[in-house]
Amino acid sequence: MDKRYYKTDPMSHQISALQNIRDKYYYALFMEMGTGKTKVSIDDMSYLYLNNKILFVLVIAPNSNYMTWADEIKKHSVVPTHVYRHKIDKKFTFKKGILNYYLMNVEAFSHASGTKVIGPLVYSLRNSTCIIVDESTRIKNRTAKRTKSILKLSYGVAYKRILSGFPVTKSPLDLWSQCSFLRPGLLGTDNFYAFRATYSIMRPVTTVSGRIVQAPVAFQNLDHLLDQVKNFSYRVRKEDCLDLPPKIYHTRLIEMTPEQTKIYNELKNYARTILKDEEASYQNKLTEIIKLHQVANGFVVTNDGSTVSIPNRKMDELHEIINETDDKIIIWSNYVYTIKYITKELEKKYGSKSVVNFYGDVTVKDRHDRVDAFQNNKDVRFFVANPATGGIGLTLTAANTVVYFSNNFNLEERVQSEDRAHRKGQKKVVNYIDLICAKTIDVYIKHALTNKLKLSAKTMGEDILDFK
């Protein structure tokens with residue numbers, strides 16, 4: 001490969017990706033987390049710029065990692081660049097004679113202001129622009145406003161790229177909007193319902209709100225779908241190209257305390273009544289499910305909105321895990337209340353400097369500082385975080401023990417959060433420990449995640465995976 005197009009030496013799988021993507025107007029890099037898809041994209045942009053194809057790159061990425069693109073561009077770009085970070089830097093001015101990058105949070109497109117800010121620039125430079133959607137599953141929902149806005153913005157743009165290590169997180173239908181961004185009709189038709197009919201078996205089902213709708217109950221023709229996707233994508237998994245230690249999964253079943261059990265059973269009986277009530281709203285039914293999950297994780301939100309802690313044994317089990325190792329530990333939890341609770345308990349026992357936490361209200365600067373402290377400060381042993389916020393884009397290889405205090409139904413968050421520790425730079429076996437309250441919704445959620453993972457692997461033509 002011509003060294004004019006890269007600043008840092010690519011690995012062999014990255015060279016293959018660059019050879020496949022070269023001169024393509026649209027392309028998908030389905031490279032697993034940690035395999036360097038961001039570097040490949042930057043080298044690809046350098047190639048297009050040096051060959052007079054583009055002058056401007058719009059990078060759309062989740063809030064948790066669009067900021068890291070600035071560091072990656074500085075590290076890898078062989079051409080001079082001007083990098084602008086949306087809502088961080090002062091007013092953007094297009095600079096001639098260098099490659100201009102505009103980094104933007106995907107959530108900005110959930111509002112009209114997002115398109116209003118960037119739209120005129122993209123429209124004026126569309127023949128010399130590339131739009132990159134990083135973590136492209138963020139646009140898998142075809143009815144979401146941000147998806148519609150991004151697809152509309154991309155119409156007529158010369159070059160387009162999508163990046164994802166895990167493009168199928170729920171069903172093969174996830175691919176529709178992602179590929180439609182690249183080019184309408186790329187999967188054989190520009191009609192979603194025709195696509196759905198080709199690859200799924202539809203049946204009438206009754207929703208929790210009592211409505212009868214057509215929904216996919218199984219999937220078909222996945223070999224044909226995979227053949228189509230291979231025509232415009234490059235797929236690589238970590239196990240194929242990186243010498244990483246293995247992942248090992250553990251489940252620790254935990255009995256609820258008598259008080260927990262009493263509250264859980266009362267809520268479960270009430271939830272059954274609500275779920276069977278045809279007049280009850282979907283939101284009311286969802287609320288009852290969430291309440292059950294909260295109780296399994298040691299707290300309950302009362303009718304007046306206050307949060308009450310319930311004696312639970314998950315924290316006891318977490319202390320047992322901590323006592324079994326001297327290593328640093330990542331602890332994932334879905335609720336801010338439990339993140340703060342875990343943080344307080346760890347500070348009480350191991351000292352205020354032993355733990356950092358990471359969730360939505362933490363500022364961008366503090367997020368960077370906390371990750372740096374966990375990675376490099378020997379006194380900071382625990383990283384307690386929400387996978388929705390901290391599960392993407394971070395490098396947390398200082399830990400080789402990862403505890404899931406709780407899970408949710410989002411497969412992408414689970415897979416992404418696992419790979420914060422299991423990526424380039426990790427030298428040890430990574431142990432993943434799920435704390436599961438026996439005979440509760442915890443068990444059902446874990447089962448649902450495993451089924452989604454198997455379907456995703458089948459869609460991508462890969463071995464069936466499992467959370468052991």
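Because Asp-43 and Lys-39 are four residues apart in helix H2 (residues 37-50), about one helical turn separates them. Helices (H or I, at least four residues) and strands (E, at least two) are DSSP runs, numbered from the N terminus. This is a predicted model, in which local features need pLDDT of at least 70 and side-chain atom pairs count only at pLDDT 80 or more, while totals for chains, interfaces and linings use all residues. Residues are numbered from 1 along each chain as its sequence is written, and side-chain values use heavy atoms, with hydrogens and water left out.

Asp-43 and Lys-39 form a salt bridge, with 2.6 Å between the closest N and O atoms. The term salt bridge stands for a side-chain nitrogen of Lys or Arg within 4 Å of a carboxyl oxygen of Asp or Glu. Both Asp-43 and Lys-39 are buried; buried means under 20% relative accessible area, exposed over 50%, and partly exposed in between (1.4 Å probe, protein chains only). A search of the whole structure finds 23 salt bridges.

Lys-238 forms a salt bridge with Asp-419, their closest N and O atoms lying 2.8 Å apart. This pair links distant parts of the chain, 181 residues apart: Lys-238 is in helix H9 (residues 238-241), and Asp-419 is in the loop between helix H16 (411-418) and strand S17 (430-437). Lys-238 counts as buried because its relative accessibility is 5%, and Asp-419 counts as buried at 2%.

The side chains of Lys-428 and Asp-327 also meet in a salt bridge, at 3.3 Å from N to O. Lys-428 lies in the loop between H16 and S17 and Asp-327 in the loop between helix H12 (314-323) and strand S13 (328-332), so the pair ties together parts 101 residues apart in sequence. Lys-428 is partly exposed, with a relative accessible area of 43%, and Asp-327 is partly exposed at 22%. Salt bridges that share partners join Lys-238, Lys-247, Arg-414, Glu-418, Asp-419, Asp-434 and Lys-446 into one network.

The helix packing involves H4 (residues 112-124) and H5 (residues 145-154), whose axes are 10 Å apart at an angle of about 10 degrees. H4 is therefore roughly parallel to H5. Axes are lines fitted to C-alpha atoms, for helices over the stretch in contact, and angles run from 0 to 180 degrees between N-to-C directions; angles under 35 degrees count as roughly parallel, over 145 as roughly antiparallel, 65 to 115 as roughly perpendicular and the rest as oblique. In H4, Ala-112, Thr-115, Ile-118, Gly-119, Val-122 and Tyr-123 meet Lys-145, Ser-149 and Leu-153 of H5, where contact means heavy atoms within 4.5 Å.
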